[in-house]
Structure formats: C-alpha cells, structure tokens
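Dear colleague,

Please find below the structure I am handing over to you, together with its sequence.

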Amino acid sequence: MENIGNILYSIINEIGKEKIQTDITLNVGASSQYIQMIIDRCKGVVNLNDKNVGSLCEALLHFMLTTRTLPSVRKVRHGKMNLDVVIPNFHVLRNFPEKAIIIQIVKDSQGITVYQQKDIATIQPNVNNIWV
C-alpha cells in the first residue's frame, strides 16, 4: 500500500509549502484551489480507493488546518477508539469537550457504526462537535 502521507507531502513540497501557506493566509478562498490541485496530482500517482481517499482527506485536512494555524492532532487513540482529527488537541477534548471538535473521516463504504458513534459520544457529549 502506498504511503498517502508521503505522497501528499511530496506533492505539497513540489507546489511549495510556503507558497501555499502565504497564498491561503492572504486569501482563504485559495485553499479550495490548492485542495483541488493537490487531489488532482494525487490521482495521477495513487490508486484512490475508499481507504486511500479517506487517508488523503485526513492528511490534507490536517495540513490545511495547520496552514491556517489552527491547532489539530491526527490519529488520536483513546481506549479502543481511533479518532482521526481532534481540534485543538486531546487535552482540551478530555477536559473541556465543549471547546473541542472531533472529525471522523469515513474510510470505507460501511461508514461509522452505531457502536463507534456511541464510543465517540462518551468522550464528546456535544453531538454538534462530532463531524463525520
């Protein structure tokens, strides 16, 4: 299996990480153009099956959040749960869940199970702060 993160950051470096950051800082609307450009380049290199698309979206989301200097953490493990992205971080989620967002990216055609939703709700009781 291809390492999506390595491929993604290779493409970001080809475009210019600093250029992307500067352009998005000056015009947040430029983010959609860069997202499309990066995804199009990935399509030429990677077999974008369900799992790869999910992994690409997760890594690209994290990059775009950090580009906008929004703190986020990827691949957080809590008990049996794997959380894809936590904003701003796990400490805030654990101690002040009303100030944190969990983003789960569906990586297969089965989606998120009811069991997984209940597990996530144990750590983030505010369903409006759980994005799937």
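**The largest pocket**

The largest pocket has a volume of about 620 Å³. Of the 29 residues lining this pocket, Asn82, Asp84, Gln104, Ile105 and Lys107 are the closest to its centre. Please bear in mind throughout that this is a predicted model.

Several elements contribute to the lining of the largest pocket: α1 (4-15), α4, β1 (73-78), β2 (81-87) and α6 (114-123) each provide at least two residues. Helix α4 gives the most, with five residues. Sorted by class, the lining comprises eleven nonpolar, eight polar and ten charged residues.

**Helices α2 and α4**

Helix α4 also takes part in a helix contact. Two packed helices are described by the angle between their axes and the distance between the axes. For helix α2 (residues 17-26) and helix α4 (residues 50-67), the axes come within 10 Å and cross at roughly 60 degrees. The crossing of α2 past α4 is right-handed.

On the α2 side, the residues in contact are Lys17, Ile20, Gln21, Ile24 and Thr25, and they meet Phe63, Met64 and Thr67 of α4. The residues of this contact fall into four nonpolar, three polar and one charged.

**The aromatic pair**

Phe63, listed above among the α4 residues that meet α2, has a further partner. The structure holds one aromatic pair, formed by Tyr9 and Phe63 in an edge-to-face arrangement, with 5.9 Å from centre to centre and 85 degrees between the planes. This pair links distant parts of the chain, since Tyr9 belongs to helix α1 and Phe63 to helix α4, 54 residues apart.

**Two points in the backbone**

Most residues other than glycine have a negative phi, and most peptide bonds are trans.

- Ile87 and Pro88 are joined by a cis peptide bond, with omega at about 0 degrees. Pro88 is located in the loop between β2 and α5 (90-95).
- Thr69, a residue other than glycine, has a positive phi, near 55 degrees. Thr69 is located in the loop between α4 and β1.

With kind regards

Notes: Residues are numbered from 1 along each chain as its sequence is written. This is a predicted model: local features need pLDDT of at least 70, side-chain atom pairs count only at pLDDT 80 or more; totals for chains, interfaces and linings use all residues. Side-chain values use heavy atoms; hydrogens and water are left out. Axes are lines fitted to C-alpha atoms, for helices over the stretch in contact, and angles run from 0 to 180 degrees between N-to-C directions. Helices (H or I, at least four residues) and strands (E, at least two) are DSSP runs, numbered from the N terminus. A crossing is left-handed if the near helix is turned anticlockwise from the far one by less than a right angle, and right-handed if clockwise. Contact means heavy atoms within 4.5 Å. Ala, Val, Leu, Ile, Met, Phe, Trp, Tyr, Cys and Pro count as nonpolar, Asp, Glu, Lys and Arg as charged, and the others, Gly among them, as polar. On a 1 Å grid over the protein atoms alone, a cavity is a set of points where a 1.4 Å probe fits but cannot get out, and a pocket is an open set with protein on both sides within 12 Å along at least five of seven lines; lining residues have an atom within 4 Å of a point. Grid points are joined across faces, edges and corners, and a volume is the space filled by probe spheres set on the points. Rings of Phe, Tyr and Trp (its six-membered ring) pair if their centres lie within 6.5 Å; planes under 30 degrees apart count as stacked, over 60 as edge-to-face and the rest as tilted.
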